[in-house]
Amino acid sequence: MERKKVFTGSPWEPQVGYCRAIRVGDRIEVAGTTAMKDGEVVGEGDAYAQTRCILTTIQEALRELGAELSDVVRTRMFVTDISQWEAYGRAHGEFFCDIQPVATMVEVQALIDPRLMIEIEVEAVVG
C-alpha cells in the first residue's frame, strides 16, 4: 500500500526520523504533536492555548491527507499537570464534542521541552 506522509517542519522530525502524520490505505496515524510553531512554544503556561494549537496542527495534517476531524477515532493526551484537565478537556471538546472519539489523558513526568504542557496523538479512519 502507498504511504502518504505529512511533515510540519518540526526540528525533531529529521533529527529523530519521523513524520507528523502518515496515511496507509484508509488509516491515518498522527504522531505526538506539541504546541511548537517555528521552533517556539505557543501558549507558554496556558494549557488551553497549547491544546488548541496542537489540535489545529493536527487538523491541518489530517486535511493534507484527505481527512477531517470527523474521521478521528482516538485521541491520546499526554499532560505534565493532570490538575489542568479541565483546560485541556475544554479545548478538546471544542474540536471533538460532536465527533466523540475515544480519548485518553494521562499525566507524564515531562515532555521534550519543559515549557510544553501537553502532547497529543490521533488515529483516524477515512471513509
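Helices (H or I, at least four residues) and strands (E, at least two) are DSSP runs, numbered from the N terminus.

## The model and its overall layout

This is a predicted model, in which local features need pLDDT of at least 70 and side-chain atom pairs count only at pLDDT 80 or more, while totals for chains, interfaces and linings use all residues. Residues are numbered from 1 along each chain as its sequence is written, and side-chain values use heavy atoms, with hydrogens and water left out.

The protein chain has three helices and eight strands, and from the N terminus on these elements follow the order β-α-β-β-β-β-α-β-α-β-β. Along its principal axes, the C-alpha trace spans about 40 × 35 × 20 Å. The radius of gyration, which is taken over C-alpha atoms, can be set against a globule rule of 2.2 Å times the number of residues to the power 0.38. For 127 residues a compact globule would have a value near 14 Å, and the protein chain, with 14 Å, agrees with this.

A residue is called buried under 20% relative accessible area, exposed over 50%, and partly exposed in between (1.4 Å probe, protein chains only). By this rule, 43% of the 127 residues of the protein chain count as buried. Contact means heavy atoms within 4.5 Å, and among contacts between residues at least 6 apart in sequence, 69% join residues at least 24 apart.

## Helix H3 and its buried face

Helix H3 covers residues 85-96, and its 12 residues reach 15 Å from the first C-alpha to the last, close to the 16 Å expected at 1.5 Å a residue; the expected span is 1.5 Å times one less than the number of residues. In H3, the residues Ala87, Tyr88, Ala91, His92, Phe95 and Phe96 are buried. Seen down the axis of H3, these buried residues fall within an arc of 155°, so they line one face of the helix, where the arc is that of the directions from the helix axis to the C-beta atoms. What covers the buried residues of H3 includes helix H2 (47-64) and the strands S6 (72-79), S7 (102-107) and S8 (118-125).

The charged end of Arg90 sits over the ring of Tyr48, 3.9 Å from its centre; for this, NZ of Lys or CZ of Arg must be within 6 Å of the ring centre and within 35 degrees of the ring normal.

Thr51 lies in helix H2 and is buried, with a relative accessible area of 0%. Not counting residues up to four places away in sequence, Thr51 touches Tyr88, Ala91, His92, Ile118 and Ile120.

Gln59, also found in helix H2, is buried with a relative accessible area of 18%, and leaving aside its neighbours within four places in sequence, Gln59 is in contact with Leu69 and Phe95. Arg63, which has its place in helix H2, is partly exposed, with a relative accessible area of 48%.

## Two loop residues with positive phi

Most residues other than glycine have a negative phi. Asp38, although not a glycine, has a positive phi of about 55°; Asp38 lies in the loop between strand S4 (36-37) and strand S5 (40-41), and is exposed, with a relative accessible area of 81%.

Gln100 has a phi near 50°, a positive value in a residue other than glycine. Gln100 lies in the loop between H3 and S7, and at 64% relative accessibility Gln100 counts as exposed.
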